[in-house]
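Please open the structure in your viewer and keep the selection panel at hand.

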Amino acid sequence: MTIVEPVTTKTKNQQKSLRIAKLVPLLVVTAGAIIVVVLTYTLPPFRNYQLATIGAYLCVTAGLTVLTGLNGQLSLGHGALMATGAYTLAIWQNKFDLLLPGIVLAVLVTTVAGAVIGLAAARLRGPYLAGLTLAVAVVVPSITSTFDRTFNSDQGLSVALEPPPGTIPVEQWQAWICWAGALLTVLVLAYLVGGRFGRDLRAVRDDETAAKLAGVGVARTQIMAFVVSAACAGLSGALFAVLSQSVSPGAFPLSLSLFLVMAIVIGGLGRLTGALIGAVLLVVLPSAAQSIAEKAGSQHLEGNLALTFFGVVLVLVMLAAPGGLASWKARRKLPTQKG
Amino acid sequence: MSLQSCQGWWRGGRTGKRTATVLAALLLAAGCSNGNSNSGGSSSNTPGVTDNSILIGSHQPLTGPAAAGYSEIAPATKAYFDYVNANGGIHGRKITYKYLDDGYNPANTQQVVRQLVLQDKVFAILNGLGTPTHTGVLDFLKTNRVPDLFVASGSRTWNQPDKYPGTFGFNPDYTVEGKILAAYVKQTYAGKKVCFLGQDDDFGRDSLAGVEKVLGPVAAKQTYVVTNPNVGPQMGAFKAAACDVVILASIPGFTALSIGTAAKIGFKPQFVVSNVGSDPRTLTKTLGAAAPLLEGVVAAGYLPLDTDESNPWIQLYKKVNTQYNGNAAFDNNVVYGMSVGYLFVQALQAAGKDLTRDKLTAAVQKGGFTGPGLVPTRFSAQDHSGYAGEQITKLVGGKATWVGTPYTTDDADGAVTAYTGAAATPPQNGIPTAQ
Amino acid sequence: MDRFLYLTFDGLSRGAVYSAFALALVLIWRAARIVNFAQGAMAVATAYAGYSVADATGSYWLGFVVAITGGLVLGAVVERVVMRFVDRSSPLNGVVVALGLVLIIQGVLGMIYGNEYRPAPAPFSRDAFEIGGVALLSRYDLFVFAAVGAVVVLLTLLFTRTSTGLRMRAAAFAPDVSRLLGVPVGGMLTLGWALAAAVGSLAGMLVVPTELGLHPNAMDLLFISAFTAAVLGGLDSPVGAVAGGLLVGLLLAYVGGYLGATVAPMAVLILLVVVLLGRPDGLFGKAKARTA
């Protein structure tokens, strides 16, 4: 009998800490919301627009880092999923002009698309999965040309939008919408990943056979991971449609999917703070590179400088600090070959 | 799930140091970009205008599939502005022309135009190039009340005075051009099979509408998208349909591609090309060794030809080109760019010394500008379209030569009528005076 | 009927280029267990070098040779300086590093040459012969077949009949044992990369004259089609690469010709899904041949 009591006391303390721990995501998200609102009132319009863009990117980088970082599936097709969400919203808005249902619909449609791809991809590993998602990334924009009556080919569609209520400036309104979506995404993902789903993801990534033996449904987990990240991508795409008030295939090229991968890697795979860093980089780096290029005064440099910079950072981070990849260091086998 | 992993999740663990470094770098970068915000000052709340300067912006395809030829336009316009600035500017203000690359990608146009309007605070947008690209920024420019002058495209979308009161065209409408080209085909190739290849957007659609108004439905029609540089299937389909005449509503790269691909499969119809895709020097450069294929190609124009040495406008432009454009290759794109610059300067003169955005749009709307065009512009309160018509050209010996007289027509079912007005000559010093 | 014939030869011609490129990818996969996502960018860089030399000296063939040699050098450099140091615990690391290389190469090319489309003339006429009134092949198509065929034959001979080829295969298949037997494993790896990059450069030089022009992104589509072809055929199998390349080329030609240019990529995606669903390691891939 005496053995039981000390154990109970410890458990009670542990339970209290666990309860606080469960609130951490909610606290962080609330703090984030306050920071964002304060920023939107103090920043000039163009910065608010950039802030909104960061929020939109955060939705997709968060989902992608869960898929690739925690579950080990490399997807090169998330740009196409964003396009799915964006076009769904555009078509809905041009018919009905009701923003919130439109965004929900965009997320749903993209979730279905993600489920389809996830099902096809469940048996694929490594480069074969990369190849399939790459093909998806290339094909989806070409659908806009095949069904050009609905999607208007390369010219794209404009997105009908109500102006913001009252006298709120457009850019501020955009920032609020995008960050509402982003913070919601982060909150949901934090809770999902902190629970059993996250455990299953990591188990499948680290050792499929062991996971199977432990009773984790490998295919089911991988498809669910794809579905969750697709929903995030759909939300992100819908938000981009709101931001630029237009959708076109040129907004979702293959390089977007590649940039997303790069962003989550540099940020730190598998971590939501990493997703935030990646989202910030995606907006700030091209802007910084452009101002440097303007000072240098050459037309050739602008976009190319940003590209080179991205690439160098990516290679360096991957080579010097696979610590960022520590969350996906997979098989405990001997390395098959040294350099 | 343990407490530690939850905390680690949020604190970023071993990435903490790296996070700090990255964030520091970002702040630095943000600081750089912030300091660069080029507002151009403002006087009396008019963005982009000070007592001695005007800042205007544009989006242009300096790179990408449409850069062939089109990338020369904005530098030529800028060269003309430099010439005007060297002679004292307009009402004492020098013009700064900031044009950014959008790669003919509508998504980039969104970014670039927002930067020009929100960050650089330009006074107006001039000569935004491209039908698919510019269509996407119309609402944004209207919401921000930015004058959107002389769009480099012939889409009818720019001619909507009620919906977009600040937007004005420059090129003849593609429907107008389609009717004029079709009228020539009807006259010269009566009874032959006519086919049509157009860009898969408003450019191609408006052009086809004009062609079919005069010729009726074409025997075969195909489209192309700029992102897919293979027109083999389209040319193959035309060959299978045994077309005698192929009308092209295409940008220069794709005109060259179509002519080259057709030759490759042994298909040699009479090509009739839209003005925007027909500059001989650009096509010759793109076709390289296959340039002889261009012989006999029919096109149209509404500005003086670059090879017409006796034309006073060409002499003026060549002078400006040598002195202010680094003696760049002189072709029809340069002529176009400088003509746009000339018209803008005329509008600035007419707007007066007390310059505001509303005054500029009112000045353009008043119209009545005479310039290098073969036909007049149509600016009025009810019409925001640009030039009223074109004249047919034919490529002989690598040079374009005029055929017949200029024609004007409208977007609807009006007849194609010959224009008999006399051409204007440039002022003595090449800078327009207030009218 | 003649349209079908024309499309067949057009598809085979494109397919031959995809095969060559897919071979380059398979070579590196077999040697290093990495998919070289930078292959397209490397091929563009050498194509720029080749055409710069050709423009400067007036000789296409000199430029051609320079491009292939450049490929050898570039492949070796990339392996020694970058890929050697990639953490091998997950195959995804190499992919991400290669993507970074793509951005660097394309950015640098854009900075040096600009992003405009440079006309890239072909060494032979691209007008089709007429055989019985049907436009079939052009001289250039024949050149493409000959070049790719030569590459396939040479590589086969190299790997099956020479001792270097044997050493390369040993180094890839069983590196630890080979090291014990005195095979310079690192050197063989570098040689593998160099050869693969040279083959990729050849494919690049073959494809550029058929495009709108040479520009830093010119090989993106080629890489995608070739990667699809390699995956279709099985990344482990050179035979699969060639078969996959021809298959993709023909499919694109037929679908593009009969159904329209925009539907063609979709057909390839459908083919990929169908094949991978049934054989997740490709048509000719050995299922679970190696555990890396």
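Select helices α2 and α10 of chain A in this predicted model: α2(A) passes α10(A) in a left-handed crossing. Helix α2(A) covers residues 45–70 and helix α10(A) residues 218–244; their axes come within 8 Å and cross at roughly 170 degrees. The two helices are therefore roughly antiparallel.

Next, display the side chains between these helices. From α2(A), the contact includes A52(A), A56(A), Y57(A), V60(A), L64(A) and L67(A). From α10(A), the contributors include F226(A), V228(A), C232(A), L235(A), L239(A) and F240(A). Which classes of residue make up this contact of α2(A) with α10(A)? The residues divide into 18 nonpolar, four polar and no charged.

Now widen the selection to the whole of chain A. Its secondary structure comes to 13 helices and two strands. Of the 339 residues in chain A, 60% are buried. Among contacts in chain A with a separation of 6 or more, 79% are between residues 24 or more positions apart.

**From chain A to chain C**

**Two loop residues in chain C**

Centre the view on M83(C), which is found in the loop between α3 (60–81) and α4 (91–113) of chain C. Is M83(C) buried or exposed? M83(C) is buried, because 24 other C-beta atoms lie within 10 Å, and the threshold for a buried residue is 20 or more. Leaving aside residues up to four places away in sequence, M83(C) touches A32(C), I34(C), V78(C) and G94(C).

Phi of R33(C) is near 60 degrees, a positive value in a residue other than glycine. Most residues other than glycine have a negative phi. R33(C) is partly exposed, with 18 other C-beta atoms within 10 Å.

**The contact of chain C with chain B**

Select the boundary between chains C and B. The contact takes 21 residues from chain C and 24 residues from chain B. Elements of chain C that give two or more residues to this side are α1 (2–32), β1 (128–131), β2 (134–138) and α10 (238–259). Helix α1(C) gives the most, with three residues. The side of chain C that touches chain B divides into eight nonpolar, six polar and seven charged residues.

**The sheet of chain B**

An open sheet of five strands has the order β4-β3-β5-β6-β7, with parallel pairing. Strands β4 (94–101) and β7 (167–169) stand at the edges, each with a single partner strand, so one side of each lacks a neighbour in the sheet. Neighbouring strands of this sheet are turned by 20 degrees against each other on average, direction ignored.

Within the sheet, select β3(B) (residues 53–60) and β5(B) (residues 124–126), which pair in the parallel sense over two bridges. The bridge partner of G57(B) in β5(B) is I125(B).

Helix α4(B), residues 73–86, lies across β3 and β4 of chain B and runs at about 170 degrees to β4(B). Helix α14(B), residues 332–351, lies across β5 and β6 (148–151) of chain B and runs at about 150 degrees to β6(B).

**Last stops in chain B**

Select strand β12(B), residues 298–301. V298(B) and A300(B) point one way and A299(B) and G301(B) the other way, and all are buried. Four bridges join β12(B) to strand β13(B), residues 389–396, and the two run antiparallel. In β13(B), K394(B) is the bridge partner of V298(B).

Finish at A242(B), in the loop between α10 (232–240) and β10 (245–249) of chain B. A242(B) is not a glycine, yet has a positive phi of about 55 degrees. A242(B) is exposed, with 12 other C-beta atoms within 10 Å.

Definitions and conventions
Residues numbered from 1 in each chain as written. Chains lettered and ligands numbered in written order. Predicted model: local features only at pLDDT ≥ 70, side-chain atom pairs only at ≥ 80, totals over all residues. Contact = placed C-beta atoms within 7 Å. Axes fitted to C-alpha atoms, helices over the stretch in contact; angles between N-to-C directions. Parallel < 35°, antiparallel > 145°, perpendicular 65-115°, else oblique. Left-handed = near helix turned anticlockwise from the far one by under 90°. Nonpolar A, V, L, I, M, F, W, Y, C, P; charged D, E, K, R; others polar. Pairing = 2+ DSSP bridges.
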